[in-house]
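Let's take a friendly walk through this model together. Please have the sequence and the 3D view ready.

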Amino acid sequence: MSLVHAAHGRGEASAVDAPEKPGGRRSPRRVIGAYAALAKPRVIELLLVTTIPAMFLAGREIPNPWLVLATLLGGTMAAGSANALNCVIDADIDKVMNRTKRRPLVKDSVPRRNALVFGLVLGVASFAVLFFTVNLLSAILAIATILFYIFVYTLGLKRRTPQNVVWGGAAGCMPVVIGWAAVSGTVEWPAFVMFGVIFFWTPPHTWALAMKYRDDYERAGVPMLPVVATPQHVAKQIVIYSWVMVAWTLMLAPATSWLYASFAALAGAWFLFYAHRLRAAVNRGVETKPMALFHRSNTYLMIVFCALAVDSAIGLPALGLPF
């Protein structure tokens, strides 16, 4: 669901590819592995990296562990629901993309109807868990995120416009808002700033991946920016969004201390260096390694949000607004 293509550069669940037992019967491990793969657990890993720090920042302290656990459980179910439903909708294009050809519906490891029911049940369960153990606002936000990801991104934007991950990526920004709402029962400006950090992070992250798998997307008929634009234009857009992303992270400085601000600035400079290096290589026409930037984008996001969590846990005085 979230961070739209966050873990696509890595392998799928290995349990799905394990040898079948003689006679065609599948072991419980294979069945569980197939359904787990539908939920795309490696995408969910990055959701947790952003949700927990948001909960820390909301109270400027270490939140109640049970509240964190309940929020992560409900959020994981919501993300799994959206990811499973996405697999159902995109089964046709997953079949023609090398990167996704091992997914359960492509391999017939899970019947399409079962996958649909699985996704819907997870969505209902996510609402119930968040409503009964956290609060109504977080439950509503989780369901809104699922609906946005399915109807706006997957059905509306993904196959129609190269801006798909720009606007559709908003679904991947919602875990920080849900985390904030879980602690405070409301949504305040720092939550929207964290939303913006991930919003501007998503295009460089995903376009770097799409540069590597351009032929996959073209074969599937998905108009990712690297499919419809020159490499020079894509690299330029990556640099522009990277600068906006780094500047956006610094907008959290008034709600944090010098510790977060320092890490955000240093990590931002580090990422910008590699974004510019990618663009320079593209402009010179030499061999590029866009996946290196893709993986560094994951590291960058973890650094920024881990710094946010540590800063909040320590409880250093916030810098505040300069006026």
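Is Asp-215 buried, partly exposed or exposed? With a relative accessibility of 51%, Asp-215 counts as exposed, where buried means under 20% relative accessible area, exposed over 50% and partly exposed in between (1.4 Å probe, protein chains only). The partner of Asp-215 in a salt bridge is Arg-214, with the closest N and O atoms 3.7 Å apart. Arg-214 is partly exposed at 29%.

Before going further, a word on the ground rules. This is a predicted model, in which local features need pLDDT of at least 70 and side-chain atom pairs count only at pLDDT 80 or more, while totals for chains, interfaces and linings use all residues. Residues are numbered from 1 along each chain as its sequence is written, and side-chain values use heavy atoms, with hydrogens and water left out.

The whole structure holds eight salt bridges, a salt bridge being a side-chain nitrogen of Lys or Arg within 4 Å of a carboxyl oxygen of Asp or Glu. One of them joins Asp-311 to Arg-60, with 2.5 Å between the closest N and O atoms. Asp-311 belongs to helix α14 (residues 290-314) and Arg-60 to the loop between α2 (41-59) and α3 (65-89), so this pair ties together parts that are 251 residues apart in sequence. The helices here (H or I, at least four residues) are DSSP runs, numbered from the N terminus, as are strands (E, at least two). Asp-311 is buried at 0% relative accessibility, whereas Arg-60 is partly exposed at 22%. Look at the backbone of Arg-60 too: its phi is positive, about 50°, although Arg-60 is not a glycine. Asp-108 also has a positive phi, of about 60°; this residue sits in the loop between α4 and α5 and is exposed at 67%.

Another salt bridge links the side chains of Lys-158 and Asp-90 (2.6 Å, N to O). Lys-158 lies in the loop between α6 (136-157) and α7 (164-168), and Asp-90 in the loop between α3 and α4 (91-94), so parts 68 residues apart in sequence are tied together. Both Lys-158 and Asp-90 are buried. They belong to a network of salt bridges that also includes Asp-92 and Arg-159.

Phe-127, Phe-131, Phe-132, Leu-136 and Ile-140 make a nonpolar patch of about 490 Å². Patch residues have over 30% relative accessible area and no salt bridge, and nonpolar side chains (Val, Leu, Ile, Met, Phe, Trp, Tyr) are joined within 5 Å, like charges within 9 Å; the areas come from the Shrake-Rupley method with a 1.4 Å probe. The largest share, three residues, comes from α5. Leu-136 is in helix α6 and is partly exposed at 43%.

Finally, look inside. Two cavities of 30 Å³ or more are found, a cavity being a set of points on a 1 Å grid over the protein atoms alone where a 1.4 Å probe fits but cannot get out.

Methods:
1 Å grid on protein atoms, 1.4 Å probe; cavity = no way out; pocket = protein on both sides within 12 Å on 5 of 7 lines; lining within 4 Å. Points joined across faces, edges and corners; volume = space filled by probe spheres on them.
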